[in-house]
Amino acid sequence: MNNTNQGSKLYLYSITSVAIIGGLLFGYDTAVISGAEKALEDFFRGAPDFDYNKAWHGITASSALIGCVIGGAISGILASRLGRRNSLRLAALLFFLSALGSYNPEFLFFKHGEPSLNLLLMFNFYRVLGGIGVGLASAVCPMYIAEIAPANIRGTLVSCNQFAIIFGMLVVYFVNYLIRANLPTAEAMIEIGWRRMFLSEAFPAAIFGLLLFFVPKTPRYLVLSGDMDGALNVLSHINGKEKALAILKEIKETAKEKSEKIFTYGVGVIIIGILLSVFQQAVGINVVLYYAPRIFENMGASGDVSMIQTVVMGVVNILFTVVAILTVDKFGRKPLLIIGSTGMCIGMVALSILSFMDVIGIGALVFIIIYTASFMMSWGPICWVLISEIFPNTIRGKAVAIAVAAQWISNFVVSSTFPSLSVWSVGGTYLIYTFFALASAIFVWKFVPETKGKTLEDMSRLWKKRD
């Protein structure tokens, strides 16, 4: 036990660094399909027993999202019963199995290299497994970090998880590029290229799983499990013994029961958690991220130029996520969310006007950058910060699961409706996202409490007063 009153920053940052690898895998797994989907389509088009049409391809490209909803929905039960750390270990295992299975879906049951309907179903099964890992990681990584981190830097450390997600996407784009560039022919991409892209995820997944054997359970989970000595030991290493005793006392006062009913603190806190998740997706961010090259091409850019513009947008995403990390514990959650919503409104309404006027060019890129930068310095990381910290200890696992499941469902709805909405009216579609950006600002201003500097135990007292 650490008997000093300082605690160890190195210990805290080491634990956090391991946890955010889950965020990196979250980004990696959701983005790996972008490089592989065209070769997958060409591979399964050769199947003799069914017609691999656009509908099948849409299901295959998005099948991981089904797993994300499942993983998010069961994360609360697993986090409460297995613990936060063991839930992350399970996520690491699912990432690893998904990577191997997606690389070789023929394993045991099918002849290698012969496409068929059953092989497609098996491939999608492995992608759903990975999606369950993503859903678990998306809920439990921020929860784990929030329950480890001191109140004064909790927002910064949880925001690092969002940075890891965006960084994971950039890493896999680069890995996919290297794999494609080192194949001798286009046919090799269809034969082995897409397989190697999925296999590449096995390496960070294995590292994540191994490192999780060297991190502790969270002190709040240990208290809920009745292990006061274990909780004090972890808290002392992070905060020093004197402060650890005070924090432990607070945790014990708000964790008298291992579990409480989901509406113990009223319906309001659950609705706020759900709406934070829904608004994060309803503003249209994943439309911009998933369909960026297509959007730029629709604005008149050539294929190569659209990819360069997409890379520029990716760099902006990283830079403004760093802005959120550096400011979330200084300015607070609410001001950054409202500023971000305002920026997204400006960006989207301008894009809508340009679309209605049929004006393309550098102006459109500028307003897309304004939009994505506004999201990345606000709703991108800070929504996860709030979801990980606003719920009282005794309902956090269940409540986070509901909020995360709502987020993945919203992601699927928004992403899947964009192609048909854009056929109806691109400008009109952007106006819909503008409306949600404006509504999100009003929602935060009116209903979301400021949590900057508050302990997780303060949340129980806050919601009891509101109830």
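## Helices α2 and α4

Helix α2 (residues 54-81) packs against helix α4 (residues 117-148) at an angle of about 40 degrees, and their axes lie 6 Å apart. Axes here are lines fitted to C-alpha atoms, for helices over the stretch in contact, with angles from 0 to 180 degrees between N-to-C directions. α2 and α4 are therefore oblique to each other. Angles under 35 degrees count as roughly parallel, over 145 as roughly antiparallel, 65 to 115 as roughly perpendicular, and the rest as oblique.

The α2 and α4 crossing is right-handed (the near helix is turned clockwise from the far one by less than a right angle). By class, the contact of α2 with α4 has 20 nonpolar, nine polar and one charged residues. Nonpolar covers Ala, Val, Leu, Ile, Met, Phe, Trp, Tyr, Cys and Pro; charged covers Asp, Glu, Lys and Arg; the others, Gly among them, are polar.

## Model and conventions

This is a predicted model, in which local features need pLDDT of at least 70, side-chain atom pairs count only at pLDDT 80 or more, and totals for chains, interfaces and linings use all residues. Residues are numbered from 1 along each chain as its sequence is written, and side-chain values use heavy atoms, with hydrogens and water left out.

## The chain overall

The protein chain has 20 helices and zero strands. Both are DSSP runs numbered from the N terminus: helices are H or I with at least four residues, strands E with at least two. Of the 467 residues, 58% count as buried (under 20% relative accessible area, 1.4 Å probe, protein chains only).

The accessible surface comes to about 19,100 Å², by the Shrake-Rupley method with a 1.4 Å probe. Carbon and sulfur atoms hold 68% of that surface. Among contacts with a separation of 6 or more, 84% join residues 24 or more positions apart. Contact means heavy atoms within 4.5 Å.

## Helices α5 and α6

Helix α5 (residues 154-181) and helix α6 (residues 186-199) pack at about 155 degrees, with axes 10 Å apart. That makes α5 roughly antiparallel to α6. Their crossing is right-handed.

From α5, Asn176, Ile179 and Arg180 meet Met189, Gly193, Arg196 and Met197 of α6. By class, this contact has three nonpolar, two polar and two charged residues.

## Pro216

Pro216 sits in the loop between α7 (202-211) and α8 (219-224). Pro216 counts as buried, at 12% relative accessibility. Not counting residues up to four places away in sequence, Pro216 touches Tyr11, Ile15, Arg85, Tyr144 and Val234. Arg84 is 132 residues from Pro216 along the chain, and their C-alpha atoms are separated by 9.7 Å.

How values were computed
Buried < 20%, exposed > 50% of the residue type's maximum accessible area, 1.4 Å probe, protein only.
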